[in-house]
Amino acid sequence: DRYTKQDVIDLVRENDVQFIRLQFSDVFGTLKNVAITARQLEKALDNKCMFDGSSVDGFVRIEESDMYLYPDLDSFLIFPWHSQSGKVARLVCDVYGQDGLPFIGDSRYILKKVLRKSKKLGYNFNVGPECEFFLFHTDEEGCPTTLTHEKAGYFDVAPLDLGEAARRDMILNLENMGFEIEASHHEVAPAQHEIDFKYDNALRTADNILTFKFVVKYIAKRHGLYASFMPKPISGVDGSGMHLNMSLWSEGQNMFADSRGELGLSDEAYHFMAGLMKHAPEMSLITNPLVNSYKRIVPGYEAPVDISWSPANRSPLIRVPTARGSGTRLEFRSPDSAANPYLALAVSLAAGIDGLENKLQPGKASTKNQYEVTEKAKLKAGIGALPRDMKEAMDLFKDSEFMKEVLGDHIFDRYLDAKQGEWESYQKTVSQWEIDEYLYKI
Ligand code: ADP
Ligand code: MG
Ligand code: MG
Ligand code: MG
Ligand code: MG
C-alpha cells in the first residue's frame with residue numbers, strides 16, 4: 001500500500017490541489033466523476049461521499065439510489081496541468097450501497113472478485129494495454145469530424161505536424177502523472193496513434209485505462225483536435241484496438257515463462273491461452289461492445305477474425321510476443337477501447353482461470369496469415385470464428401452461463417438490455433451504405 005489517509009491529505013495540501021475528482025465507472029466503462037473541493041477531502045476519505053446512483057447507466061432505480069464512494073488511497077494522482085481554479089487530483093473509488101456492502105453493479109467490484117479468486121490460486125494478474133486512437137479535426141461548431149489533417153492536406157504548410165505535437169504533449173503529461181510510457185508511435189492509418197504504458201496489476205491497469213483516455217482527449221482538445229477511441233471510424237483503413245498483454249505472476253516470478261517448455265512457455269501459459277480461446281466468442285459483447293466494434297474485426301486490417309494463436313504473425317486472436325523472462329506474455333488482440341476495462345479484464349482472467357483449472361489445451365499454433373486461410377481449411381483444423389456482428393455476439397452472451405456467473409445477474413441483465421436496445425435502434429436505421437447501394441438500382 002502506497003498511501004495512508006494522512007499521506008493523501010498532505011499531498012493535497014503540499015501541492016495546492018483545489019479539486020479532487022472521485023472517479024468510478026458505469027456498467028459500460030464510461031468514466032464518471034464527482035468533483036469535490038479540497039475542504040471536503042477528509043469526508044471523502046472517511047467514505048462519506050454520496051451520489052445519486054439512479055442517474056448512472058446500469059446502476060439502480062430511484063427508490064434505492066443513495067450510493068457511497070470509497071476512495072482507493074493508492075490510486076491518488078495529480079493531474080499535471082493547472083486550471084484557473086487550481087490543481088486537480090483523482091482518486092479512484094469503489095461504489096458501496098447504503099447497507100455498507102460493495103455494490104454488485106460496480107464493475108470494479110466484479111474485477112476485484114475475479115482477482116481474489118486468482119490470488120487464492122496463488123497468482124497475480126498483470127496487464128499492459130495498447131490503446132490506439134485517431135486524432136480528428138473539429139468543425140466550426142467544435143463538433144468532432146472524421147477529417148484528419150494528414151488526409152485533408154490543408155495543413156501542409158504548417159511547420160509542425162499537429163498530431164505529433166499533441167501526442168508528445170500527451171506523453172509528457174502522462175509521465176508527469178506517474179504513467180510509465182514505454183512506447184508511442186504513429187499507427188498504420190492516417191492520423192492514427194498508439195501510446196503504451198507499462199503493465200501493472202489488472203486493477204491498476206483498468207483504473208489507468210479510464211484516466212488515460214480522459215487525458216488523451218483532454219490534451220487533444222487543447223491542440224484543437226478530437227481524440228476518438230472508436231473501433232472503426234473510417235472504412236478501408238485499420239481500426240483502433242486495445243490489445244491486452246497478460247501474464248500471471250507468483251512471488252515475483254512470471255509464471256508464463258518456462259525455459260524448458262515449448263517455445264519457452266509454461267503449461268500455465270498454454271492453459272490460460274486455451275481458456276481465453278474457449279470463451280472469447282461469448283466474451284465478445286464485453287471485449288467488443290459496439291455495433292461498430294465488428295466493423296474492425298474483419299480480414300485484412302491486423303485485427304483477429306478467428307480463434308487461433310501464433311508465436312509470430314499478427315492475424316490471430318492470441319499472439320505470443322518474442323520477449324521471454326519477465327516480458328513473457330500473451331497478447332489478446334480482439335478487445336477494443338470501447339470495452340469497459342474492468343469487465344474486459346474480469347472476463348479475460350476468469351476465462352484464463354477456467355483454462356488453468358480444467359487444464360485446457362489451445363491446440364496447434366497457426367503459422368499462416370489467418371486472412372488467407374480458407375473457411376474449409378479452418379473447419380478442418382477446428383478453428384472457430386469470432387462473432388461477425390453485435391447480434392451474434394449478443395446471442396452468444398445471452399446463452400452463456402459462464403458470463404452470467406462472472407458478471408453476476410445485475411450487470412449481466414442490465415448490460416444485455418442496453419445492448420439489445422442499441423441493436424434494435426441500429427437495425428431500424430437506414431444507413432448511407434444502403435442508399436448508395438440500392439436507391440438507384442431498384
Ligand atoms: P506490440 O509488439 O504488440 O506492439 P507493445 O510494445 O506496443 O507491443 O506493447 C507491449 C505491452 O505489453 C506494454 O504495455 C508492456 O508493458 C506490456 N507487457 C510487457 N511485459 C508484460 C508482461 N509480462 N505482462 C503483461 N504485459 C506486459
Ligand atoms: Mg503496439
Ligand atoms: Mg494496428
Ligand atoms: Mg498497434
Ligand atoms: Mg500489440
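Q: Which residues is Phe59 in contact with, leaving aside its neighbours within four places in sequence?
A: In this predicted model, Phe59 touches Phe24, Ser25, Asp26, Val27, Phe51, Gly53, Met67, Val95, Phe103, Gly105, His410 and Arg414. Each counts as a contact because heavy atoms lie within 4.5 Å.

Q: What makes a set of residues a nonpolar core, and which residues have the most contacts inside the largest one?
A: The members must be buried residues of the nonpolar kinds, joined through side-chain atoms within 4.5 Å. The largest such core has 116 residues, and Phe59, Phe212 and Phe272 have the most contacts inside it. Helix 9 (residues 341-357) gives the most to this core, with 11 residues. A second, separate core has five residues, among them Phe136, Ala189, Ile234 and Val237.

Q: Why does Glu194 count as buried?
A: Its relative accessibility is 3%. Buried means under 20%, so Glu194 qualifies. Glu194 sits in strand 9 (residues 192-197). Glu132 is buried as well.

Q: Why can the pair Glu132 and Glu194 be said to tie together separate parts of the sequence?
A: Glu132 lies in strand 7 (residues 124-137) and Glu194 in strand 9, so the pair joins parts that are 62 residues apart in sequence. Glu194 is also in contact with Glu132, and with others including Glu130, Cys131 and Arg167.

Q: Which two ions does Glu194 bridge, and how far apart do they lie?
A: Glu194 bridges the magnesium ion (ligand 4) and the magnesium ion (ligand 2). The two ions lie 3.8 Å apart.

Q: How do you know that Arg319 makes a polar contact with ligand 1?
A: A side-chain N or O atom of Arg319 is 2.8 Å from an oxygen atom of ligand 1. The limit is 3.5 Å, so the pair counts. The side chain of Asn245 has an N or O atom 3.3 Å from an oxygen atom of ligand 1. For Thr328, a polar backbone atom is 3.4 Å from a nitrogen atom of the ligand. The protein covers 85% of the 580 Å² of accessible area that ligand 1 has on its own.

Q: Which strand gives the most to the shell around ligand 1?
A: Strand 7 does, with four residues. Strand 7, strand 9 and strand 12 (242-250) each supply at least two.

Definitions and conventions: Residues numbered from 1 in each chain as written. Chains lettered and ligands numbered in written order. Predicted model: local features only at pLDDT ≥ 70, side-chain atom pairs only at ≥ 80, totals over all residues. Heavy atoms only, no water. Buried < 20%, exposed > 50% of the residue type's maximum accessible area, 1.4 Å probe, protein only. Donors = N, O, S within 2.8 Å, 3.2 Å for Na, K, Ca; no water. Polar contact = N/O pair within 3.5 Å; in protein donor to acceptor, adjacent residues only side chain to side chain. Areas by Shrake-Rupley, 256 points an atom, 1.4 Å probe, with all protein chains shown as cover.
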